[in-house]
Amino acid sequence: MKDPIDIYVPCYEPDEYLERCLQSIFKHTKRDYTLSVIVGKRSIAKNRNWGLRKGISEWICSIDADCEVMQDDWLDLLLETAESQPNVGIVGAKIVMFDGKIFSAGTGSNGYPMLYGETDKGQREIVEEVHAVSENCLLMRRGIFEFDEWFWQSRSSEGQDACIRLSKQGYKILYDGRVKIRHAKYPQKDSAFNWDHLYFHLKHPTTIITQYKKA
């Protein structure tokens, strides 16, 4: 029998999206697992860390409350990818919006999600080492990092920051496009110069050159 995997759902407050997320996990997860919902009106990074600290399995999976699992083999595929190479720190999935447009197919060295806004037609259904992956669905090796809790209501900054820090420690960040997660709502658009983004660029100064060179 396969060892159970800890799955947690970080959530600011319960709503109809959370219920749909949980029902999708119940329906499509065929291996043994434990499930926790981390509810709290604290920063998203703190909620993510609560889930990491609670987990005891070697690999811990996080899926955001406004996302839904779409296939029965999702967790087995992520685990297969995680165990396929040494020093893997994080594995991320392909994120597709409810309207069929791609939200993220891995993040390139310029800090932008690949194929963002394109209609999903099966592009990039591959396994590949990338600069970063979307934090909407992550399989993470337990005990090697925590999210930086200075990020408050970040729109991916805490996830990119974690990937960059792990890469500097010698861990690999892998994207598994065979796993498709549906994102139920588009994030609110923020100014490019809110606190979370400024803090991210202060931590990683070279990123501002690539992300804003066209501005």
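In the predicted model, Phe98 is partly exposed, with a relative accessible area of 48%. Its ring is paired edge-to-face with that of Tyr186, since the centres lie 5.8 Å apart and the planes meet at 70°. This pair joins distant parts of the chain, 88 residues apart: Phe98 belongs to the loop between S5 and strand S6 (102-104), and Tyr186 to the loop between S9 and helix H5 (195-203). Tyr186 is likewise partly exposed, at a relative accessible area of 35%.

A stacked aromatic pair is formed by Trp195 and Tyr199, with 5.3 Å from centre to centre and 15° between the planes. Because these residues are 4 positions apart in helix H5, about one helical turn separates Trp195 from Tyr199. Trp195 is partly exposed, with a relative accessible area of 43%, whereas Tyr199 is buried, at 15%. In the whole structure, 6 aromatic pairs were found. Arginine side chains also lie over ring faces: Arg42 over Trp50, at 3.9 Å from the ring centre, and Arg48 over Phe147, at 5.8 Å.

The largest nonpolar core comprises 31 residues, of which Val9, Ile63, Trp74, Leu75, Leu139 and Ile181 touch the most other members. Its largest share, 6 residues, is supplied by H3. Beyond its neighbours within four places in sequence, Leu75 contacts Ile5, Ile7, Thr29, Arg31, Cys61 and Leu139. A separate core of 21 residues includes Tyr8, Ala45, Ile90 and Leu138.

Lys2, in the segment before S1, touches Arg31, Asp32 and Asp76, residues up to four places away in sequence being excluded. The C-alpha atoms of Lys2 and Arg31 are 7.3 Å apart, across a sequence separation of 29 residues.

Notes: Residues are numbered from 1 along each chain as its sequence is written. This is a predicted model: local features need pLDDT of at least 70, side-chain atom pairs count only at pLDDT 80 or more; totals for chains, interfaces and linings use all residues. Side-chain values use heavy atoms; hydrogens and water are left out. A nonpolar core is a set of buried Ala, Val, Leu, Ile, Met, Phe, Trp, Tyr and Cys residues joined through side-chain atoms within 4.5 Å. Buried means under 20% relative accessible area, exposed over 50%, partly exposed in between (1.4 Å probe, protein chains only). Helices (H or I, at least four residues) and strands (E, at least two) are DSSP runs, numbered from the N terminus. Contact means heavy atoms within 4.5 Å. Rings of Phe, Tyr and Trp (its six-membered ring) pair if their centres lie within 6.5 Å; planes under 30 degrees apart count as stacked, over 60 as edge-to-face and the rest as tilted. A charge sits over a ring if NZ of Lys or CZ of Arg is within 6 Å of the ring centre and within 35 degrees of the ring normal.
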